[in-house]
Amino acid sequence: APLTVSFMSYADDLDRQTREAKDRGHELLLHTPMEPFNNDPGPGALFINMDDKEIQDRLNVMFNAFSGYVGINNHMGSRFTSDRHAMDVVMAEVKKRGLLFLDSLTARRSTGKSVADAHKVPYAVRNVFLDNARKTSKVTEQLHLLEKVAERNGTAVGIGHPHKVTAEALKIWIPEAQKRGFAIVPVSTVVRRLMQNKKDKEAFEALNHPEEE
């Protein structure tokens with residue numbers, strides 16, 4: 001099934017990996033590290049104490065790391081996405097490039113959705129984290145929860161990581177879900193549908209929200 005694969009700008013062998021993902025029909029996002037409350041977001045991350053130009057410069061480094069992505073989503077970022085001014089700077093750059101924004105929703109009070117809306121940037125939010133618990137059975141439970149969200153709202157966004165258990169659960173779940181009538185689609189397809197009906201607030205909510213990072 002076509003998945004959406006999000007790459008860090010400093011990943012090893014980035015050109016080959018992104019090209020291979022696109023060749024297999026997957027959609028690409030730029031995975032953008034942002035400041036959390038209680039963790040290390042890694043090299044090149046965005047922090048709220050940076051001035052606007054430093055945020056823009058760091059974003060430009062990330063934007064130039066590879067090509068072919070349709071948008072960005074945040075890696076960590078519970079503190080950064082809660083800061084409206086910082087997100088304004090990011091969203092202006094996203095808008096300038098004609099990209100979408102997927103809010104990983106690591107913070108209950110994320111401003112991502114409202115700032116994207118203000119900048120007229122197409123967006124979606126994460127509904128379900130698939131693999132906070134690294135057990136195949138737990139990932140499968142989360143995938144079934146994702147199905148329930150999709151049945152209720154018409155769409156659902158699940159975010160997982162490249163863990164072995166996640167891949168194993170997806171291998172089993174994808175063909176079974178397709179037999180049950182679910183379409184597995186790239187995130188841009190979900191975004192397009194959500195932008196047609198922003199009034200459905202439940203479609204922009206996260207279930208079993210984790211503690212802020």
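Q: Why is Phe63 called buried?
A: Phe63 has a relative accessible area of 4%, and buried means under 20% relative accessible area, with exposed over 50% and partly exposed in between (1.4 Å probe, protein chains only), so Phe63 is buried. The model is predicted, local features need pLDDT of at least 70, side-chain atom pairs count only at pLDDT 80 or more, and totals for chains, interfaces and linings use all residues. Residues are numbered from 1 along each chain as its sequence is written, and side-chain values use heavy atoms, with hydrogens and water left out.

Q: How do you know whether Tyr69 is buried or exposed?
A: Tyr69 is buried, because its relative accessible area is 14%.

Q: How many aromatic pairs does the rule give?
A: Rings of Phe, Tyr and Trp (its six-membered ring) pair if their centres lie within 6.5 Å, planes under 30 degrees apart counting as stacked, over 60 as edge-to-face and the rest as tilted; the count by this rule is 4 aromatic pairs.

Q: What makes the pair of Phe63 and Tyr69 stacked?
A: The ring centres of Phe63 and Tyr69 are 6.3 Å apart and the planes stand at 25°, so this pair is stacked.

Q: What makes Tyr123 and Phe204 an aromatic pair, and which kind is it?
A: Tyr123 and Phe204 are 5.4 Å apart centre to centre with 45° between the planes, and the pair is tilted. Both Tyr123 and Phe204 are buried.

Q: Which residues do ring pairs link into a cluster?
A: The cluster linked by ring pairs holds Phe7, Phe63, Phe66 and Tyr69.
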